[in-house]
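Subject: Structure for you, with notes

Hello,

Here is the structure I promised to pass on. My notes on what turned up follow it, and I hope they are handy when you open the file.

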Amino acid sequence: MGYSTPLLSESSEPPLLQKHLPSLDSTIELCLGDFGWAQFLQAIIVSFSWFFDAQQTFITVFTDAEPNWHCTSSSCNSSFSSLCQLPNSSWDWDRPKHVSIISEWALECSGSFITGLPASSFFIGCLIGGLVLSTLADSSLGRKKMLFLSCLMMSFTTLLTAFSTNIWIYSFLRFVTGFGRATIGTSALVLSTELVGKRWRGQVGIVGFFCFTLGFLSLPAIAYTHQSHSWRTLYFLTSIPTLFYSILVHFLVRESPRWLFVRGRKEDAISTLKCISPSITMSFSSLSFEQETWNVDLYSAIGVLVKRKWAFRRLCAVMGTGFGIGMVYYGMPLALGSLDFNLYLSVTLNALSELPASLVAFFLIGKLNRRSSLLVFTILSGVCSILSVLKGFNPWAELQIGLELVSFFSACSAFNVLLIFTIELFPTCVRNSALSMVRQAVVLGGVFSPMLAAAGRANGGVVSYGVFGVVVGVCGLFVVCLPETRGRGICDTMDEEEHKETANCIAVGLVV
């Protein structure tokens, strides 16, 4: 680390960097080493919040699904594609009415707006919650409290959802659930990665992606084993474990020492470091850290990101890339639902395609250049998405599905790398806010996916997969505007990051 060694004399060090104090990153690595068992356990507990986050993100795939039906009289013709064209007495559901909100509340003829309202409400809640709550983890609450409150709110609203009596109450509670869970991913990712040094930062961040995949995979397993039970059972079974997990976070997880230092709470930060690694024997009395020169309130983090040109440029680039990735990430599973596959099997395959993406990121994140890998993954995703619907190119259904899976795998890999890249691009004081904005851009891309997936059903997916491919390919080009961060230490204040940006520009100028 450049700031962990003594400063050189005036004749050999530029004045800009001579008075620059040691970075928090170098000091924490000095105290804890790159990685220890205490840090590992903390990272595992924090990252497991992604498991419950994934369950609530995709739970409506089963609870809001339209069940299969069959004819019960000679006046019924099963060739009719719409139940609304048949008398109510001439057909019946294959399973009990309570297995889905569609059959329980008789929504089969209500139209796509009503039946899709709960899922849309959830994502709208995610957008609003991200904008309202994103800076709290950087300012007043911190990473741990934000994670605890988000999980607690999600568990309570999920439990209340099971008692919904109509589509309107149900949609409102889904909105509140989305609002509450909006910051779970960012708080967990930032908190876990701020507990370790740069060598293991990428791998620790990928642990959360594994947990998200496991949560996604748990849904078809739970739904299949309870397929004759009420849809309310799914909400019960996913809310109670989340409630216990929230209590676990409150008592076992420690706050980020980086955030505590940046907020001026040096004694609390030192106490946290000693708790994570009781073997620390060094003295902290002589340590001094660069303090941020601006006051962090609720929205000042976003304000500073906009005011500083280098930060605004980075934020726009990663958000633009995230928008394209989000459209494919949320759109592909929705479009796969139109295929003639078993619901449980199709969701399982969709979730399994995230697993190799997480494995690639976990084992190769230390070797992958962030910028070039993002460019490759987004272009590959776009090309495969377009090829999957080109007439005459894919005469076999297996080839079409294969191309779709490759496209989705590439989008998942790009999403994983993008989150790690964002963590490394922004300093501690605004990292959670920047990461939240990127996730909101991803969710915003997902907002348009249901409409595109519906438009593609009438033409074999040409519109949906065609647009997915073009958008993710074009948005991926934004990463060429960003600096490479692999192997680089992370900064803690805006001034420190600006010093590094200026030094890099000077170095490039000298080389040229």
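In this predicted model, the axes of helix α20 (residues 370-387) and helix α23 (residues 462-475) come within 7 Å and cross at roughly 160°. Axes here are lines fitted to C-alpha atoms, for helices over the stretch in contact, and angles run from 0 to 180 degrees between N-to-C directions. That crossing angle makes α20 roughly antiparallel to α23 (angles under 35 degrees count as roughly parallel, over 145 as roughly antiparallel, 65 to 115 as roughly perpendicular and the rest as oblique). The crossing of α20 and α23 is left-handed, meaning that the near helix is turned anticlockwise from the far one by less than a right angle; clockwise would be right-handed.

Who meets whom there? On the α20 side are Thr-378, Ser-381, Gly-382, Ser-385 and Ile-386, and they meet Tyr-465, Gly-466, Phe-468, Gly-469, Val-470, Val-472 and Gly-473 of α23 (contact means heavy atoms within 4.5 Å). Sorted by class, the contact of α20 with α23 has 5 nonpolar, 7 polar and no charged residues. For the classes, Ala, Val, Leu, Ile, Met, Phe, Trp, Tyr, Cys and Pro count as nonpolar, Asp, Glu, Lys and Arg as charged, and the others, Gly among them, as polar.

Another pair to look at is helix α4 (residues 49-58) and helix α11 (residues 184-193), which pack at an angle of about 160° with their axes 10 Å apart. That makes α4 roughly antiparallel to α11, and their crossing is left-handed. Ser-49, Trp-50 and Asp-53 of α4 make the contact with Ile-184, Gly-185, Ala-188 and Leu-189 of α11. The residues in the contact of α4 with α11 divide into 4 nonpolar, 2 polar and 1 charged.

Helix α10 (residues 167-181) has 15 residues and reaches 21 Å from its first C-alpha to its last, close to the 21 Å expected at 1.5 Å a residue (the expected span is 1.5 Å times one less than the number of residues). Of the 15 residues of α10, 11 are buried, among them Tyr-170, Arg-174 and Arg-181 (buried means under 20% relative accessible area, exposed over 50%, partly exposed in between, with a 1.4 Å probe and protein chains only). Helix α8 (residues 117-133) has 17 residues and reaches 23 Å, close to the 24 Å expected. Its buried residues include Phe-122, Phe-123 and Cys-126.

Two loop residues are worth a click as well. Ala-106, in the loop between α6 (101-104) and α7 (112-115), has a phi near 55°, a positive value in a residue other than glycine. Most residues other than glycine have a negative phi. Ala-106 is partly exposed, with a relative accessible area of 49%. Ile-365 lies in the loop between α19 (354-364) and α20, and counts as buried at 1% relative accessibility. Ile-365 and Asn-416 are 51 residues apart in sequence and 9.4 Å apart in space, C-alpha to C-alpha.

For the whole chain, there are 24 helices and 2 strands (DSSP runs numbered from the N terminus: H or I of at least four residues for helices, E of at least two for strands). Of the 512 residues, 56% count as buried.

Residues are numbered from 1 along each chain as its sequence is written, and side-chain values use heavy atoms, with hydrogens and water left out. As this is a predicted model, local features need pLDDT of at least 70 and side-chain atom pairs count only at pLDDT 80 or more, while totals for chains, interfaces and linings use all residues.

Best wishes
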